[in-house]
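Good morning, everyone. Please have the sequence and the model open on your screens while I talk.

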Amino acid sequence: MNTSPAPNYVQRLLEESGLTSSHEPIDVMLVSILLEDHYHLSGRLERVATEKDDTFRLSTDSSNYLVKVSPPDEAEAVVDLQTAAMRYLETTASHLPVQRVKLTADGDDNVTITLKDGRTRVLRAFDFVEGQVLAQTNPDAERLAEVGEMLGLIDVALRPFTHPADRRGLAWDIQHFHQLTELVEHTPVPEHRRLARAVFQLFEETVVPQLSALETQVIHGDFSPYNVVVDPKSDHFVTGVIDFGDTVRSAVIFDPAVPMANLLGRTPGQPWQEACAFAAGYQRERPIKATELPLLPVAALARLTLRALLTNWRAERAPERREYLLDHAKDDWTNVERSLTVHLDDVMAHLTEARGGHS
């Protein structure tokens, strides 16, 4: 089977994902004027570090908001996909704590900004979700299962959702992992290159032959510990789900694979323990098909490896975000190595046990 990408495929995919170019940060004064004109909101704007958007926290006399301005190389249709998915969940599953999109004074979801060079950027305002993100806590297995349940509920709710841009090209989408082998060349440490090649081989042997048969739908795409807000003192542990920036139509199993990747290796003696706890909760609400379950741990390894590969590549091209990017991925190679020491049959035994009687 020849899975080599077509010429320029990787470059195009990275461009469509908004990962190939840097841009001047948007002027804070312009954002303030737009918020006043279109939302009738004014207050203190504080810039927040993110991967590619210009993001701010707006503090007014009565409330707080999150304000995002899309990068100029992100298509308006893709921004609309993200907003539409959030609106859909607000309408059809209002009990889920998904971040809300604030309407403009004229009832629009966003404000389009036209740059001097003709490109456009999209400004949106959201309710600010107060609290700790999951990454700042140390949850036990049952709390991790509750986080898994939340993603399962979101995936169940999103099953019927469609959008004209939901088949967008996205480098973070695990279905493209096997076509990104050239990223290894940008990895300076020989041992890291060896680990990456081992994961690529696993993915090629187990996931690629099944790709076309996997169940698909629109998924959140980035349910990481930084995008889940929690309250350890509450009976309802998960209090907010934010950042639908990687929403895409893909294989369902790739959605839980993302948070599992973020949980790998955090308990060195049992590197899969937290990831399996999350998966147990996910399957309470969204059982994974028996034929697809063996692919889940490989997909999680692929996602973790992909982040490690893309981080240095991205940091070189966006120095203004270098600190943010490297901080989020500082332990990735260590966690890949730890996770590969466990035989995948042992991981599968835990996943199957958690899955129970689901078919």
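I will go through a sheet, some rings, a helix and a few single residues.

First, the ground rules. This is a predicted model, so local features need pLDDT of at least 70 and side-chain atom pairs count only at pLDDT 80 or more, while totals for chains, interfaces and linings use all residues. Residues are numbered from 1 along each chain as its sequence is written, and side-chain values use heavy atoms, with hydrogens and water left out.

Helices and strands are DSSP runs, numbered from the N terminus: a helix is H or I with at least four residues, and a strand is E with at least two. Two strands pair if DSSP finds at least two bridges between them.

Let's start with the sheet. Which strands form it, and in what order? Three strands make an open sheet, and the order is β7-β9-β10. The pairing is antiparallel. Strands β7 (132-133) and β10 (238-241) stand at the edges. Each has a single partner strand, so one side of each is left without a neighbour in the sheet. Strand β9 covers residues 228-230, and its antiparallel pairing with β7 runs over 2 bridges. Take Gln132: its bridge partner in β9 is Val230. Helix α4, residues 141-158, packs on the sheet. Helix α4 touches β9 and β10, where contact means heavy atoms within 4.5 Å. The direction of α4 makes about 45 degrees with that of β10. For that angle, axes are lines fitted to C-alpha atoms, for helices over the stretch in contact, and angles run from 0 to 180 degrees between N-to-C directions.

Next, the loop between α4 and α5 (190-206). His176 lies there. Is His176 buried or exposed? His176 is buried, with a relative accessible area of 12%. The cut-offs are these: buried is under 20% relative accessible area, exposed is over 50%, and partly exposed is in between, using a 1.4 Å probe and protein chains only. Leaving out residues up to four places away in sequence, His176 touches Tyr9, Leu13 and Leu170.

On to the rings. Rings of Phe, Tyr and Trp (its six-membered ring) pair if their centres lie within 6.5 Å; planes under 30 degrees apart count as stacked, over 60 as edge-to-face and the rest as tilted. How many aromatic pairs does this rule give? The count is 4. One of them is stacked: Phe177 and Phe200, at 4.2 Å centre to centre with 10 degrees between the planes. Phe200 is buried at 7% relative accessibility. Phe177 is buried too, at 0%.

Phe177 also pairs with Phe203. Their ring centres are 5.1 Å apart and their planes are at 75 degrees, so the pair is edge-to-face. Phe203 sits in helix α5, 26 residues from Phe177 in the chain. Phe203 is buried at 0% relative accessibility. Put together, Phe177, Phe200 and Phe203 form one aromatic cluster.

Now helix α1, residues 9-16. Which of its residues are buried? They are Tyr9, Val10, Leu13 and Leu14. These residues cover an arc of only 130 degrees around the axis, which puts them on the same side of α1. That arc is taken from the directions from the helix axis to the C-beta atoms. Among what covers them is α8 (296-317). After α1 comes Gly18, with a positive phi near 70 degrees.

Two other residues have positive phi without being glycine. His40 has phi near 55 degrees. His40 lies in the loop between α2 (28-39) and β1 (44-48), and is exposed at 57% relative accessibility. Asp243 has phi of about 60 degrees. Its place is the loop between β10 and β11 (248-251), and Asp243 is partly exposed at 26%.

Last stop: Glu215. Glu215 is in the loop between α5 and β8 (216-219). At 24% relative accessibility, Glu215 is partly exposed. Not counting residues up to four places away in sequence, Glu215 touches Ser250, Ala251, Val252, Arg286, Lys289 and Glu292. How far is Glu215 from Met29 in space? C-alpha to C-alpha, they are 46 Å apart, and in sequence they are 186 residues apart.
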